[in-house]
Amino acid sequence: MAALSFNLFLLSCFTTFALLCFTTTALTTTPTITKPRRYVTKLIHPGSVHSPFYNPTATVSDQARRVIDSSSARLAYLQAKFQEISLATGTETKAEGFVANISIGEPPSPQLLVIDTGSSLSWTQCQPCSGWFKSCFQQAVPVFDPSKSSTYKRVSNCFSPTCDTAPDKGCDALGYCTFNQTYGDGSTVTGPLATETLTFVTSDEGTISVPNIAFGCANNVGGFGGQASGLVGLGSSQISLVSQLGSKFSYCFGRVMDPQYIHNQLVIGDGAKVEGLSTPLEILGGLYFLTLQSISVGETNLNISPNVFQRPPNRLGGVVLDSGTTLTYLPRAVFDPLNVEVRRLADGLLQGLGGSSTSAPCYTGVIDRDLIGFPVVTFHFANGVDLALDMEGLFIQTDPNKFCMAVVPSDVHVDLTLIGVLAQQNYNIAYDLVGKTLSVQRIESELLES
């Protein structure tokens, strides 16, 4: 009997111990970690067959002319933004650039919005577009009608933190918050500030919605044209979509000049893929500045003073990576040494087409046939970050049998280095606004979708 009692005691102890162990294990199990949210949407290039800007009858020359004209207009806009002057000319400014397909409201109303790293307010045209002080331009999809959305709310407190973030905020007769956005080229956008549900069309053809996003419901637009509906502001202020959804965003551009290419993408949110080496990011006047230290062609480091890339305290200048410019613009002190070296390497290998020796060189031929093996031009940034321009980043096809260097002199009274999207092809460019860093990873856009 004693042995039996002892055995029962041991069994009781073991059972209690096991129960305690199970309970303790259950209580100390590591909780499921929620991943940071990421909002992914495809980007459509103006030259894509899926773009509202696409012209099926456009020739190679037409496409090149569009790139040159839009890049030149963008350079002038950013120069004006630096100088805080207006370049109003009485003509429309086409909102061209990569377009994101984002729907607004409930039920969702699809809108095509141009992404812009140079501004913060996101806005779309809104009904009513006619009446006293109301005007809209023609766009490719129906204009958003807030009266048909169950989730549309105007910002009713003119002294709220949300209203305080609006550009040139105002207060209408009914006490609702308004905005007045003026761009450097003289174009203006005004209307109510509101909150809405945004629905993103993801890279895998799915959708994801996020409520209560502040945006501009523009019903008086002057100076804009084109077929897009408005802009997605990727700037650094609190009103930007980036700040409302976290503090990070990234984009990846593939073959910019290929109208059939569909893998360009934008990721917003703290779940954005931030990989590769990072370089310091300086945020001034709503623009993102980088520290460029040198430029090399192949193994040859160009003789350029690092001071040229610095942003002088009493002068305009610096280095900006831009999503709205296709070409790359360099100050004369930077362009000239690059131009001389490229011409030297091409001499005897390519048939030049004459022209001024101080302008971007042009050659007879086809880029992907005649430039195989041409040395890579590399932009060297602080902390060892490199941006390499291969033949498709350095040159642009301007005729079926002619190509020119896509890095050109700025020839403006600003020592500005503006790095355009051709130079950014096949890189995932990630911005961390809190850490104030920019990360660069060489990768094809298709691989980011997996």
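This is a predicted model: local features need pLDDT of at least 70, side-chain atom pairs count only at pLDDT 80 or more; totals for chains, interfaces and linings use all residues.
**View 1. The disulfides of the protein chain.** The count of disulfides comes to five. When the bonded cysteines of the protein chain are numbered in sequence order, the pairing reads 1-8, 2-3, 4-6, 5-7, 9-10.

**View 2. The disulfide between Cys 129 and Cys 136.** The sulfur atoms of Cys 129 and Cys 136 are joined at an S to S distance of 2.0 Å, and with -75° about the S-S bond this link is left-handed. Cys 129 has a relative accessibility of 17% and counts as buried, whereas Cys 136, at 22%, counts as partly exposed; the two fall into separate classes because buried means under 20% relative accessible area.

**View 3. The disulfide between Cys 158 and Cys 171.** Here the sulfur atoms of Cys 158 and Cys 171 lie 2.0 Å apart, and the torsion about their S-S bond is about 80°, so this disulfide is right-handed. Cys 158 lies in the loop between strand 6 (153-154) and helix 3 (161-164), while Cys 171 belongs to strand 7 (residues 170-171), so the pair ties together parts that are 13 residues apart in sequence. Cys 158 is buried at 6% relative accessibility, but Cys 171 is partly exposed, with a relative accessible area of 47%.

**View 4. The disulfide between Cys 362 and Cys 404.** Cys 362 is joined to Cys 404 with an S to S distance of 1.9 Å, and a torsion of about 105° about the S-S bond makes the disulfide right-handed. Because Cys 362 lies in strand 23 (residues 362-364) and Cys 404 in strand 27 (residues 402-405), the pair ties together parts that are 42 residues apart in sequence. Cys 362 counts as buried at 18% relative accessibility, and Cys 404 counts as buried at 10%.

How values were computed:
Residues are numbered from 1 along each chain as its sequence is written. Side-chain values use heavy atoms; hydrogens and water are left out. A disulfide is a pair of cysteine sulfur atoms within 2.5 Å. Buried means under 20% relative accessible area, exposed over 50%, partly exposed in between (1.4 Å probe, protein chains only). Helices (H or I, at least four residues) and strands (E, at least two) are DSSP runs, numbered from the N terminus.
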